[in-house]
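Here's a quick walk through a few parts of this fold, strand by strand. Have the structure open and follow along.

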Amino acid sequence: MSCWTVVCRDGTFNQDLGEYLARPVPGEWEEWIYPSHHKYRLSVSETESAWSLAKALAEYLVVVRVDDWLRALLRRRYPSSDLQAEQFIMDRVHNILTADPDRVDDRLNWASAAIFRHAQQATAVVVDGVQWFLLQDIWREFEEAIDEAIDAYLLDEEYHAFVNVLRQLVREAKNRIDWIHVHFQPRRFYFETPAGERVGDALIDDMLDQADAEHGDVGDILVSALVTLAPRWITVHRGGLEDAGRDILLAVFDGHVLFCRGCGRCFRPRLDTDQQSF
Ligand SMILES: [Zn+2]
């Protein structure tokens with residue numbers, strides 16, 4: 001006859017831990033409810049029950065109630081009353097932790113093995129101790145994912161704040177041009193009105209010269225130049241604009257950006273340089 005006592009002081013786990021463990025682990029279960037903790041005693045005749053108990057407890061902590069554990073870690077790391085921010089970070093943490101399904105299985109197997117080794121030597125299993133001491137490697141991995149998610153959140157916040165500043169600059173600009181067409185050349189771009197007149201050449205040259213010295217990105221310079229001229233509509237022709245630049249233009253100009261799918265102008269340079277065509 002073997003006997004284990006599982007002690008749980010965490011109020012969030014008290015609600016259903018006993019029931020969760022009793023389902024897959026056969027034996028005689030007794031439960032005591034105290035104001036500060038819950039106690040469950042399991043009496044079994046077979047010693048293999050240590051493995052079933054370890055596996056059930058690991059699954060409870062690492063899979064079933066993993067959100068509670070992650071939230072507790074997050075609130076310790078980044079105390080915030082902003083529930084939307086918390087959810088953004090939690091979603092990101094989930095993506096990081098479940099990106100590799102093998103790693104999810106490894107984590108569960110490793111936790112089961114650690115609790116099993118402990119249960120073989122001890123008759124008392126204190127859930128808080130298991131979580132914070134026995135499964136240290138797991139919560140350290142959780143913390144790394146949380147830190148990464150917090151960084152992503154803060155970066156996202158900064159990005160939105162930056163986009164908002166640019167939007168405001170565009171909205172408040174005086175003498176806005178109605179429409180600018182953006183054409184690209186290797187490592188540079190130029191602007192034209194729909195009638196084909198060049199605009200902003202001096203500004204673009206200045207910005208590109210300055211950026212050359214600082215190894216600036218053409219997409220960033222394009223956004224700055226367009227914010228300065230603040231057109232109401234923009235057509236971006238084919239060329240050197242990356243996805244990040246497209247996203248920021250759409251955000252700053254409230255979606256008033258069209259992307260050319262290939263007009264005569266876009267394809268002309270290719271025809272001119274294609275020696276085989278002539
Ligand atoms: Zn075009």
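Strand 5 (residues 179-185) pairs with strand 6 in the antiparallel sense, over five bridges. Strands here are DSSP E runs of at least two residues, helices are H or I runs of at least four, and both are numbered from the N terminus. Two strands count as paired if DSSP finds at least two bridges between them. Keep in mind that this is a predicted model: local features need pLDDT of at least 70, side-chain atom pairs count only at pLDDT 80 or more, and totals for chains, interfaces and linings use all residues. Residues are numbered from 1 along each chain as its sequence is written.

The hairpin has two residues between the strands, and R187 takes a positive phi near 60°. On its way out, strand 6 runs antiparallel to strand 7 (residues 198-199), joined by two bridges. E192 has R198 in strand 7 as its bridge partner. This hairpin has five residues between its strands, and G196 in the turn has a positive phi of about 90°.

Now for another sheet: four strands form an open one in the order 2-3-1-4, with mixed pairing. Strand 2 (28-33) and strand 4 (124-126) are at the edges with a single partner strand each, so one side of each has no neighbour in the sheet. From one strand to the next, the twist averages 15°.

Strand 1 (residues 2-8) pairs with strand 4 in the parallel sense over three bridges, and V6 has V125 in strand 4 as its bridge partner. Helix 7 (residues 127-134) lies across strand 1 and strand 4, at about 65° to strand 4. Such angles run from 0 to 180 degrees between N-to-C directions, with axes fitted to C-alpha atoms, for helices over the stretch in contact.

## V163 in helix 8

V163 belongs to helix 8 (residues 136-172). Why is V163 called partly exposed? Because 16 other C-beta atoms lie within 10 Å.

Leaving aside neighbours within four places in sequence, V163 is in contact (C-beta atoms, placed from the backbone, within 7 Å) with I248, A251 and V252. The C-alpha atoms of V163 and I248 are separated by 7.1 Å, although the two residues are 85 residues apart along the chain.

Methods: Contact = placed C-beta atoms within 7 Å. Buried ≥ 20, exposed ≤ 12 C-beta atoms within 10 Å, placed from the backbone.
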